[in-house]
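Dear colleague,

Please find below the structure that I am handing over to you. My notes on it follow directly after.

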Amino acid sequence: MASLGSSSVIIGSVAYSSSCCSRRGTTRATINMPKLRTGGLSLRLPARDLVPEVLDMGPGLSAATTSHVEKKYESSTNRNSHSLGSNVSDPMVIAKLHAIMEAVADRVEMHQNIGEQRDNWNSLLLTSINAITLTAATMAGIAATSVGGPLLALKTSSTLMYLAATGMLVVMNQIQPSQLVEEQRNAARLFKQLHGRIQTTLSSGNTTSSDVEDAMKKVLALDKAYPLPLIGVMLEKFPETVEPAVWWPQHRQRQEKPMKRRDGNGWSVELEEEMREVVGVLKRKDTEDYLRLGKIALNVNKILSISGPLLTGIAACGTAFMGSSHGSWAAMVGVVAGAMASVVNTMEHGGQVGMVFEMYRSNAGFFRLMEETIESNLNEIDVERRENGELFEMKVALHLGRSLSGLKNLAAASSYASSEKGEAIEEFASKLF
């Protein structure tokens, strides 16, 4: 402690004096400041070290204080590391997703290249078979006006060319190159979609092992839906029943639990009812209509694929009997059947009826995927585990080629027609195709 004595402080008087000096016309002023006498002032500060003093309080207090500080520091460090770790993805997960993305990019290129190759097959085989068929018909017509050696040569050549065209048509109709091209085109487009989704997942910076598993399932499902080989695993070109194409892994069936549903995460009662009405319209109109069109295209393709080889075979038989007692009729059959075969072949493969069937099947699969996606979200009771409702509604509207208000109007019209009139609306859910 410092003591300050009041008696030791002496304050002098203040004197002010001014004198005017006429010398050189200047004025002088003098101020006398007070003088402090410091002889009696004493400021004494303690020379004490606080750290040893704290340590000298005793081992118990020292240990408790140190332990408390260490625990507080460790808890703060753990909280910081946990908050940082929650936002940083596992490097191994990122590496796996990059590996899957590279495989997907490779598949895109493979399907594009093979699609171009099979498109060339369709063009070259169509041109070659039509050229062979028309040449055989021309030779049959010339042979009808010939006798002797030229007749035999022309008849034999025409018959052999018809037989060759028949065999080529059987193979071509079995593999349906135009349908193969459409399959590879769809596969390339869907793999590009998957590649973009993986990129979006990586850019979000919050990847988990479930993302890797989901991407692997989607790749394998696409490989199964659109195989590259022709032998053994090629898709059936003339199925007994027309089913939508399925290129996605099956959604996990969620069991509804008896719990009170609550709103949140962009979902509401009105939005759920709207999505249910959209699913109903998709099932009753869009999916059903494209399956119906697919059946028509399949039946037409079956008729054409049988008629082509049948006509070339009949033409081969007709040219084989040329020069006999029924030579005129045989020549007519050979020429007319050959011409009709080229027309049928052009209608089937030039018109790409197989591609049309595959397109209808894929469109039906697209609507089936939308149905399953919407139902999967609606069956999830915990709204926090669903996709955000507002974002999901926007995606559905975009996939159907509608605005948000148009989607609401569609659901309202469907609800009114089913409740008041007891019938389905005539409007389709999709406006894209």
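The notes below cover a helix pair, a glutamate and the aromatic rings.

This is a predicted model, in which local features need pLDDT of at least 70 and side-chain atom pairs count only at pLDDT 80 or more, while totals for chains, interfaces and linings use all residues. Residues are numbered from 1 along each chain as its sequence is written, and side-chain values use heavy atoms, with hydrogens and water left out.

Helix 9 (residues 353-379) packs with helix 10 (residues 389-399) at an angle of about 165°, and their axes are 12 Å apart. Helices here are DSSP runs of H or I with at least four residues, numbered from the N terminus; axes are lines fitted to C-alpha atoms over the stretch in contact, and angles run from 0 to 180 degrees between N-to-C directions. The two helices, helix 9 and helix 10, are therefore roughly antiparallel, a term for angles over 145 degrees. On the side of helix 9, the contact (heavy atoms within 4.5 Å) is made by Phe366, Met370, Thr373, Ile374 and Asn377, and on the side of helix 10 by Phe392, Val396 and His399. By class, the contact of helix 9 with helix 10 has five nonpolar residues, three polar ones and no charged ones.

Helix 9 also holds Glu371. Glu371 counts as buried because its relative accessibility is 4%, where buried means under 20% relative accessible area (1.4 Å probe, protein chains only). Leaving aside residues up to four places away in sequence, Glu371 touches Val279, Leu282, Lys283 and Thr287.

Turning to the aromatic rings, rings of Phe, Tyr and Trp (its six-membered ring) pair if their centres lie within 6.5 Å; planes under 30 degrees apart count as stacked, over 60 as edge-to-face and the rest as tilted. By this rule there are five aromatic pairs. One of them, Trp247 with Trp248, is edge-to-face, at 5.2 Å centre to centre and 90° between the planes. Trp247 is buried at 9% relative accessibility, and Trp248 is buried with a relative accessible area of 7%. Trp267 and Phe392 form a tilted pair, with 5.8 Å centre to centre and 35° between the planes. This pair links distant parts of the chain, 125 residues apart: Trp267 lies in the loop between helix 6 (209-225) and helix 7 (269-320), and Phe392 in helix 10. Both Trp267 and Phe392 are buried. One aromatic cluster is formed by Tyr290, Tyr360, Phe366 and Phe367.

With kind regards

Notes: Parallel < 35°, antiparallel > 145°, perpendicular 65-115°, else oblique. Nonpolar A, V, L, I, M, F, W, Y, C, P; charged D, E, K, R; others polar. Buried < 20%, exposed > 50% of the residue type's maximum accessible area, 1.4 Å probe, protein only.
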